[in-house]
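Please go through the aromatic side chains of the model shown here.

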Amino acid sequence: YPNDEGGKARARVDYERKVIAELGFVSYFLIVWDLIRWSRANGVPVGPGRGSAAGSIVAYLLGITKVDPLRYDLLFERFLNSARVSMPDIDIDFCKDGREKVLDYMRRRSRAEPVAQFVTFGTMASLTPVRHVARVLDMPLKDVDKIAKKIPAGPNAPSLAEALEKDQDLVAIQKDRPDLAELFRLSVPLEGLARHISTHAAGVVIADRPIVEYVPLAKNGDDVTTQWPMTQLEELGLLKMDYLGLRTLTILEKTLRNIEKEGGTPPDLDRLPEKDPKTYELLMAGDTLGVFQLESDGMKKLLARLKPDCFEDLIAVLALYRPGPLESGMVEMFTRRKHGQEPIAYPHASMEPILRDTYGCIVYQEQVMLISNSLAGFSLNEADNLRKAMGKKKPEIMAKFADQFVAGSVKNQCAEGTAREI
């Protein structure tokens, strides 16, 4: 590891190796390492790593990820927590055209039977049962379309039963039209039932023996899948891995080959200059069609407002473009502070080194962990448990940590009111 001042990297490697060995995940790392090594050696492009695994220096040194966790203050405890044993989860992106080759290698490497894809169940959301029941009752399509517009839809929509009780329009429809009241009565019990099966887009399950000895299998088209979905497989202790076929990697690989074919020298994608002015000009203009994760209309508008001019700003943009930061006003605060239109303030001096890159805004889950650790004296394992409770929106667990956070902060000369606000 280059320039290891004060032995920080060596200490981190030793600590991670100890935790990985104690939790019994050495073979997991070796399986992933072997898979990525084989893919790169056989011309299948692999992504640089994403998700919590980027916090592991062991994964970085093995070449599983290509992001230096020390440079970006990424925390190993967010990936593996020795106080809360759960399976590690390294998401791997493969070139979409090469994903099948990787699966085939895995089957050959483990003699096929211990490897299978797994099933997901498509369930009926609020609108689907209404349309199905209406079709069976032979109701006019125009009536059904009118009703469908009144039923709330989307990921955060209430259930059909709740909407029928609370939505005034739907309550009135049921009183005025007995035939529609009957339609709703028959539809409510069907909501949430499994409607069809499909093969999980990325997931593969691996065992130490033929999988049929653990779970029943099924054929879904040409795929051999487990009959149980992901949650039950994890509860059983089977190893689940996500191998995503990513079209962007395929496009990048074909672009490099085309440059070569035309007599040019293709760039090394692992060593692109981070401070290229022309690249940032395109990003600031929102001219990002074809750029992975930056090409939606909303993201283009955010780039044009925020005007990223360094790599850290790009990291922040991806974290800010989520419902929480967009709805809470954090994006506006971040943008104003970046452009000097609002002073940067830190509730406590210990937070400045943690929040400097994000202009005093808490943007990342790692920042939550580091603040809990430096200000309130949490161990990083405790800080990860707090982060998880916040991410899963579990107020009862967060409440337990609140007193500990305030008490620890007060011990570190932070005013109680400030600690509660933080």
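Rings of Phe, Tyr and Trp (its six-membered ring) pair if their centres lie within 6.5 Å; planes under 30 degrees apart count as stacked, over 60 as edge-to-face and the rest as tilted. This is a predicted model, in which local features need pLDDT of at least 70 and side-chain atom pairs count only at pLDDT 80 or more, while totals for chains, interfaces and linings use all residues. Residues are numbered from 1 along each chain as its sequence is written, and side-chain values use heavy atoms, with hydrogens and water left out.

One aromatic cluster is formed by Y15, Y28, F29, F76 and F79. By the pairing rule, the count comes to 10 aromatic pairs. The pair of F94 and Y243 is edge-to-face, because the ring centres are 5.6 Å apart and the planes are at 80 degrees. This pair links distant parts of the chain, 149 residues apart: F94 is in strand β1 (residues 92–95) and Y243 in strand β6 (residues 239–246). Strands (E, at least two residues) and helices (H or I, at least four) are DSSP runs, numbered from the N terminus. Both F94 and Y243 are buried, where buried means under 20% relative accessible area, exposed over 50% and partly exposed in between (1.4 Å probe, protein chains only).

Why is the pair of F378 and F401 tilted? Their ring centres are 5.9 Å apart and their planes are at 40 degrees, so the pair is tilted. F378 lies in the loop between α18 (365–374) and α19 (380–391) and F401 in helix α20 (residues 395–411), so the pair ties together parts 23 residues apart in sequence. F378 counts as buried at 1% relative accessibility, and F401 is buried with a relative accessible area of 14%.

A charge sits over a ring if NZ of Lys or CZ of Arg is within 6 Å of the ring centre and within 35 degrees of the ring normal. R37 lies over the face of W33, 5.7 Å from the ring centre.
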